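Please look over the structure below before reading on. This report goes through it site by site.

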Amino acid sequence: MPDYAAAAGAYLRSTLPFQPRVAVVLGSGLGQMIDELSDATSIAFKQVPGFPPAGVAGHAGKFVTGRLAGTEVLFQAGRYHLYEGHSADVVAAPVRAMAALGVRTIVFTNAAGGVRPTLEPGDIVMLEDHINLQARSPLVGPVQEGEERFPDMSAPYDPELRLLAVEAAAELGIGLQSGVYAGVLGPSYETAAEVRMIGKLGADVVGMSTVPEVIAARARGVRCLAFSVVTNKATGLGGGSLSHAEVVAVGREAGQRLGRLLRAVIPRLPQSGLTK
Ligand code: HPA
């Protein structure tokens, strides 16, 4: 994919009424947060220059901007996944577009399987780090404008923002765990042997998204915060066989709890943000 981000960012800037500094990527179960925005403006992915045309594997993705509890925020509802056949570059396209627009902080959400045996469906896990088991990176190829060739990954999930989230969760009485996310390609769920391996590698949750997006965000100096909703125990940990329907249903309930947490966290996020 060519260097589309600048054009995509310019398009968003000319179309959106605000210049939000904070964005949230809404994973499964969180789409309803869009309804809470006031003064909402929506742009379908397919309208954005450089994005894959509509009709390519399932994409009702869109950007929606508006005010949440008085704070200007940009939601990315829907995302591209590697398992749909998209390159890591396409998966990272919305994040690069948001960064080019001027977004300095992105909150990622996703559904994940619990690998740490004590995690239960419905738990919310804030990511403290990740392990890339996807064997892809959106940074492979020519360096894009505004990105680093070799970005530091010693603290991809911003410690200061994590502290804000811990404080907000405590005030609201919302249980919040923290852990390491293993990003896998999917789309089949893991085998029990793979889950044992992933646990030994040091991961607490496993999912099929987020990692390429965070890598691209960090290459542009964007601060990241991420939450997994545990929709199921990972294969072999006593949850029986896995069904996508179950994953979706649990995601919806826990998504409402995560939505409450996000409403408290978003207004506390720095509206300027660090660059590199
Ligand atoms: N594995 C990978 N991705 C997932 C899972 C899982 O168990 N649950 C939800 N997304």
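The sections below cover the ligand site, the salt bridges, selected residues, backbone geometry and a surface patch.

## Ligand site

This is a predicted model. Twelve positions need checking around the ligand: A111, A112, G113, Y189, E190, V206, G207, M208, T231, N232, L242 and V247.

From the backbone, a polar atom of A111 sits 3.5 Å from a nitrogen atom of the ligand. From the side chains, a polar atom of E190 comes to 2.7 Å from a ligand nitrogen. An N or O atom in the side chain of T231 is 3.5 Å from a nitrogen atom of the ligand. Taken alone, the ligand exposes 260 Å², and the protein buries 95% of that.

## Salt bridges

Side chains of opposite charge can pair when their charged atoms come close. The count of salt bridges here is twelve. One of them joins E147 and R96, with the closest N and O atoms 2.6 Å apart. This pair links distant parts of the chain, 51 residues apart. E147 is in the loop between β6 and α4 (159-172), while R96 is in helix α3 (residues 93-101). Both partners, E147 and R96, are buried. They also belong to a network of salt bridges that links D89, R96, E147 and R220.

R116 pairs with D204, and the closest N and O atoms are 3.2 Å apart. R116 lies in the loop between β5 and β6 and D204 in the loop between α5 and β8 (205-207), so the bridge ties together parts 88 residues apart in sequence. R116 is partly exposed because its relative accessibility is 22%. D204, at 13%, counts as buried.

E120 pairs with K233, with the closest N and O atoms at 3.6 Å. E120 is in the loop between β5 and β6 and K233 is in strand β9, so this bridge ties together parts 113 residues apart in sequence. E120 is partly exposed, with a relative accessible area of 39%. K233 has 15% and is therefore buried, as the cut-off for buried is under 20%.

## Buried positions

S228 lies in strand β9 (residues 223-233). Its relative accessible area is 0%, so S228 is buried. Beyond its neighbours within four places in sequence, S228 is in contact with N110, A112, D123, I124, V125, L127, Y181 and V205.

E213 is part of helix α6 (residues 211-219). At 1% relative accessibility, E213 is buried. Not counting residues up to four places away in sequence, E213 touches V25, Q76, R79, V91, V95 and F108.

G122 sits in the loop between β5 (105-114) and β6 (124-132). G122 is buried, with a relative accessible area of 6%. Leaving aside neighbours within four places in sequence, its contacts are V230, V250, A254 and R257. The C-alpha atoms of G122 and P17 are separated by 36 Å, and these two residues are 105 apart along the chain.

## Backbone geometry

Where is the cis peptide bond? A cis peptide bond joins G186 and P187, and omega is about -5 degrees. P187 is in the loop between β7 (177-183) and α5.

Two residues other than glycine deserve a look for phi. D39 has a positive phi of about 55 degrees. D39 belongs to strand β2 (residues 38-44). With a relative accessible area of 48%, D39 is partly exposed. A69 has a positive phi near 50 degrees. A69 is in the loop between β3 (62-68) and β4 (71-77). A69 is exposed, because its relative accessible area is 63%, with the cut-off for exposed being over 50%.

## Surface patch

Which residues make the nonpolar surface patch? L133, M197 and L201 do, and the patch covers about 250 Å². M197 lies in helix α5 (residues 192-201). M197 counts as partly exposed, at 43% relative accessibility.

How values were computed. Residues are numbered from 1 along each chain as its sequence is written. This is a predicted model: local features need pLDDT of at least 70, side-chain atom pairs count only at pLDDT 80 or more; totals for chains, interfaces and linings use all residues. Side-chain values use heavy atoms; hydrogens and water are left out. Patches are made of residues with over 30% relative accessible area and no salt bridge: like charges are joined within 9 Å, nonpolar side chains (Val, Leu, Ile, Met, Phe, Trp, Tyr) within 5 Å. Accessible areas come from the Shrake-Rupley method with a 1.4 Å probe; for residues, only the protein chains shown count as cover. A salt bridge is a side-chain nitrogen of Lys or Arg within 4 Å of a carboxyl oxygen of Asp or Glu. Helices (H or I, at least four residues) and strands (E, at least two) are DSSP runs, numbered from the N terminus. Buried means under 20% relative accessible area, exposed over 50%, partly exposed in between (1.4 Å probe, protein chains only). Contact means heavy atoms within 4.5 Å. A residue is near a molecule or strand if one of its heavy atoms lies within 4 Å of it. A polar contact is a pair of N or O atoms within 3.5 Å; within protein, one must be able to donate a hydrogen and the other to accept it, and residues adjacent in sequence count only if both atoms are side-chain atoms.
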